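Dear colleague,

I am handing over the structure below, and my notes on it follow. Please read them with the coordinates open beside you.

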Amino acid sequence: MKNVKNKLDLIQIFLDEEFANVGCELHYKKDYELLIAVMLSAQTTDVAVNGVTDFLFSKYDTLEKLNEVRLEEIETIIKPIGLYKNKAKRLKEIVAVLLDKYSGKVPSDIKELTSLPGVGNKTACVVRAEIFKIPEFPVDTHVSRISKRLNLCDQKDEPIEIEGKLKKTFEEKNWIKLHHQFIHFGRAICKAQNPICEKCRLQEYCNKR
Ligand code: SF4
C-alpha cells in the first residue's frame with residue numbers, strides 16, 4: 001500500500017495536470033460584488049448566479065444604488081436562482097451593513113465577515129481567499145464529497161471539520177489552488193451522480209470504487 005505522502009503527491013499531480021489554471025468562476029468587478037455573488041450561490045450554480053448578477057451589478061453599480069433599490073426589484077432580478085426572497089433580503093441587509101459599519105469596504109476578518117447577514121463560514125473563507133489572498137480552504141459540496149471519497153476526512157464530518165483536516169493535510173501555500181481544483185474536479189469528473197471514474201487517476205485511493 002502506498003504511503004500517505006505518495007497519495008497526497010498523486011492527488012496534487014493529477015489535479016495540476018487536469019486543472020492547471022482554474023479559479024473563481026463567479027463574475028465580479030468589486031469586492032462587495034463577490035461577497036454578494038457567493039452568498040447568492042447557495043444551493044445553485046455559479047453559471048446561474050452570473051446569469052442574474054451580470055445584469056444586477058451593471059444596473060446598480062454601486063453599493064449606494066443597491067441600497068436604494070426596492071427589495072421587490074432585487075427579488076424580480078434574482079428570481080431565477082431560487083430562494084430569491086430570502087437571498088434578496090440578505091443582499092439588502094449586507095449592503096446596508098457594509099455602508100453603515102464598514103464605510104462600504106468588505107472586511108477581511110473572519111468574525112466580521114461571518115457576522116454579516118447570510119454569510120457563513122464557507123462564504124467568508126471564499127471572500128478571504130479570493131479578495132484578500134488569505135490562505136483558506138473553503139469547503140463546498142464538491143470539496144466535501146471528494147474529501148470523503150478520497151478518505152481525506154471521516155464520512156460523517158461536517159464542512160468545518162473537513163476544512164480543518166484539509167488544512168492539516170495539505171501545505172498552506174496550496175490551499176486556495178486546491179480548493180479551486182477540487183471544485184473543478186467535482187464538476188467535470190468526480191460528480192455527485194455518475195462520476196466519470198475512468199478519467200480519474202485516484203481510483204486506488206477512492207472508497208467509492
Ligand atoms: S474514482 Fe470516481 S468517485 Fe473516486 S475520486 Fe475518482 S472520479 Fe471520484
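To begin with the ligand, the residues of the shell around it divide into eight nonpolar, one polar and three charged. There are 12 residues around the ligand, and those that come nearest are C190, P195, C197, C200 and C206. Please keep in mind throughout that this is a predicted model.

On the domains

The protein chain is divided into domain 1, which takes in 4-22 + 136-205, and domain 2, which covers 31-132. Taken over C-alpha atoms, the centres of domain 1 and domain 2 are separated by 27 Å. The contact between them takes eight residues from domain 1 and six residues from domain 2. On the side of domain 1 that touches domain 2, the elements that give two or more residues are α10 (159-169) and α11 (175-188). The residues of that side of domain 1 divide into five nonpolar, one polar and two charged.

On helix α2 and its neighbours

Within domain 2 (31-132), I looked at helix α2 (residues 31-40), and began with its packing against helix α3 (residues 46-59). Two packed helices are described by the angle between their axes and the distance between the axes. For α2 and α3 the angle is about 145° and the axes are 10 Å apart, and α2 passes α3 in a right-handed crossing. The contact is made by E33, A37 and L40 on the part of α2, and by V49, T53 and F57 on the part of α3.

From α2 the contact takes D31, L34, L35, V38 and M39, while α8 contributes T123, V126, V127, E130 and I131. The residues of the contact of α2 with α8 divide into seven nonpolar, one polar and two charged.

How much of α2 is covered? Eight of its 10 residues are buried, and α2 is therefore mostly covered under the criterion of 20 or more other C-beta atoms within 10 Å. The buried residues of α2 are Y32, L34, L35, I36, A37, V38, M39 and L40. These buried residues pack against α3, α4 (63-68), α5, α6 and α8 (121-132).

I74 lies in helix α5, and counts as buried because 22 other C-beta atoms lie within 10 Å, where 20 or more are needed. Leaving aside residues up to four places away in sequence, I74 touches V69, A88, L91 and K92. The C-alpha atoms of I74 and K89, which are 15 residues apart along the chain, are separated by 8.6 Å.

Y84 is found in helix α6 (residues 84-102) and is partly exposed, with 18 other C-beta atoms within 10 Å. Not counting residues up to four places away in sequence, Y84 touches E75, I78 and K79. Y84 and L40 are 44 residues apart along the chain, and their C-alpha atoms are separated by 8.5 Å; L40 is itself one of the buried residues of α2.

L83, in the loop between α5 (71-78) and α6, has a positive phi of about 50° although it is not a glycine, and with 14 C-beta neighbours inside 10 Å it counts as partly exposed. S103, in the loop between α6 and α7 (110-114), also has a positive phi of about 50° without being a glycine. Is S103 buried or exposed? S103 counts as exposed because it has 8 C-beta neighbours inside 10 Å, and the limit for that class is 12 or fewer.

With best regards

Definitions and conventions
Residues are numbered from 1 along each chain as its sequence is written. This is a predicted model: local features need pLDDT of at least 70, side-chain atom pairs count only at pLDDT 80 or more; totals for chains, interfaces and linings use all residues. A residue is near a molecule or strand if its C-beta atom, placed from the backbone, lies within 6 Å of it. Ala, Val, Leu, Ile, Met, Phe, Trp, Tyr, Cys and Pro count as nonpolar, Asp, Glu, Lys and Arg as charged, and the others, Gly among them, as polar. Helices (H or I, at least four residues) and strands (E, at least two) are DSSP runs, numbered from the N terminus. Two residues are in contact if their C-beta atoms, placed from the backbone, lie within 7 Å. Domain bounds come from an automatic or database domain assignment. Axes are lines fitted to C-alpha atoms, for helices over the stretch in contact, and angles run from 0 to 180 degrees between N-to-C directions. A crossing is left-handed if the near helix is turned anticlockwise from the far one by less than a right angle, and right-handed if clockwise.
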